[in-house]
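Welcome, and take a moment to turn the model around before reading on. We will start with the whole protein and then visit its parts one by one.

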Amino acid sequence: MKICIYYFSGTGNTEIITNLLQKELTNLNADVIVMKIETIIKKKIKVKTEKYDLIGIGYPIHAFNAPKIVYDFVHRLHNDKGKKAFIFRSSGDPFLNGGSTKMLRNQLEKKGFDVFNENLSIMPANVFLQFKDNLNKQLYQLAQIRIKKLAQDIMKRKVFLQKNSIILTIISKLFSFMETTGAKWLGKYMKISDSCIKCFNCVRNCPTGNIVLVGDKNGNEVGDKDDNNIIFDKSCILCMRCIYKCPTNAIHFKYFRFFEIKQGYNIKSIISNPNIKGDYLSNNTKGYFKHYADFFGL
Ligand SMILES: Cc1cc2nc3c(=O)[nH]c(=O)nc-3n(C[C@H](O)[C@H](O)[C@H](O)COP(=O)(O)O)c2cc1C
Ligand code: SF4
Ligand code: SF4
């Protein structure tokens, strides 16, 4: 079976899930290709879903919905009537199941896709609060188990569609509208501090081209410019990548800085550290994280 997985990941969680899924599907003898949504959009690559038996779309939850870039990608898809499709999402909290999938499912169905499975992985939150390392490690370990099962379900074409109540859909639309609108504004007013070393990784890696270099690569000015020859446009989708990946921690929101995790976010360093044990959640978990333990049936 030929499968193509298209995914977007701001800070690495969904990428990890995508790689796990690719590995598990390959173990089940599927021929799996993985493509980044941002590359398809930036390079205007023609998406040829007809080459595959199945397609998958993966993304992080942003305000109970998919980030705008995922919708932009779906708008670019051509009609592929009856093509089976699955959706997998990563969120930082099981609350409201990551929001309604109705809006994205509708868009896919308009293009003829037959969405048969929708999955949610709970991964560490990459905004507001830093979770404890042993919780983050455990969420990754639990995701590994759940993705193995998801791969089996996909191969069997098991139908699992989320129930999207009207209220959930309204909440998702409302929060998502506020987040998408706010993102443009927050991303426009980012600040770069003097610790910037002009590596321009942020310019190269912004998925939407929101960070623009004005001048040459040595930082020499050739026109209107902000600090450090870098200016910000109005296409930010609040993916958080530039903030957490800057090698000198030089880039931050000017407003609503509490949105950023102060200590930064680096899931790969937690996964690769053998001294961090995944032993936070259990059937005794009380307080805020109890609903996480319940979600995993611990
Ligand atoms: C702008 C923004 C909004 C978010 N909204 C939600 C949310 O509504 N519910 C939730 O559980 N997690 C939310 N999160 C957390 C992410 O969904 C979660 O950490 C995800 O795994 C990040 O994936 P990534 O590393 O692939 O970007 C949000 C993160 C961002 C950056
Ligand atoms: S990634 Fe950080 S150090 Fe590099 S150019 Fe951007 S702000 Fe400056
Ligand atoms: S400006 Fe930063 S947060 Fe906004 S889309 Fe680009 S990389 Fe993501």
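Keep in mind as we go that the model is predicted.

The chain is built from 10 helices and 9 strands. Its radius of gyration is 20 Å, close to the 19 Å that the globule rule gives for 298 residues, so the protein is as compact as a globular protein of that length. Along the principal axes, the C-alpha atoms fill a box of roughly 55 × 50 × 40 Å. If you look at contacts with a separation of 6 or more, 77% of them join residues 24 or more positions apart.

Now find helix 6, which runs over residues 166-188. How far apart should its ends be? At 1.5 Å a residue, the 23 residues of helix 6 should span 33 Å, and this agrees with the end C-alpha atoms, which are 33 Å apart. Along helix 6, the residues Ser 172, Ser 176, Ala 183 and Gly 187 are buried. What do the buried residues of helix 6 pack against? Their partners are helix 4 (102-110), strand 6 (190-192) and strand 8 (230-232).

Next come the ligands. Around ligand 1 there are 25 residues, and the closest are Gly 10, Asn 13, Thr 14, Pro 60 and Ser 91. Two elements each give two or more residues to this shell: helix 1 (13-27) and strand 4 (84-91). The shell around ligand 1 also draws on both domain 1 (2-168) and domain 2 (186-270), with at least three residues from each. Sorted by class, the residues around ligand 1 are 11 nonpolar, 12 polar and 2 charged.

Move on to ligand 2, which has 13 residues around it. Which of them come nearest? They are Cys 196, Cys 199, Asn 201, Cys 202 and Cys 246. The shell around ligand 2 holds 10 nonpolar, 2 polar and 1 charged residues.

Key
Residues numbered from 1 in each chain as written. Chains lettered and ligands numbered in written order. Predicted model: local features only at pLDDT ≥ 70, side-chain atom pairs only at ≥ 80, totals over all residues. Near = placed C-beta within 6 Å. Helix = DSSP H or I, 4+ residues; strand = E, 2+ residues; numbered from the N terminus. Nonpolar A, V, L, I, M, F, W, Y, C, P; charged D, E, K, R; others polar. Domains from an automatic or database assignment. Rg over C-alpha atoms; globule rule 2.2 N^0.38 Å. Contact = placed C-beta atoms within 7 Å. Expected span 1.5 Å × (residues − 1). Buried ≥ 20, exposed ≤ 12 C-beta atoms within 10 Å, placed from the backbone.
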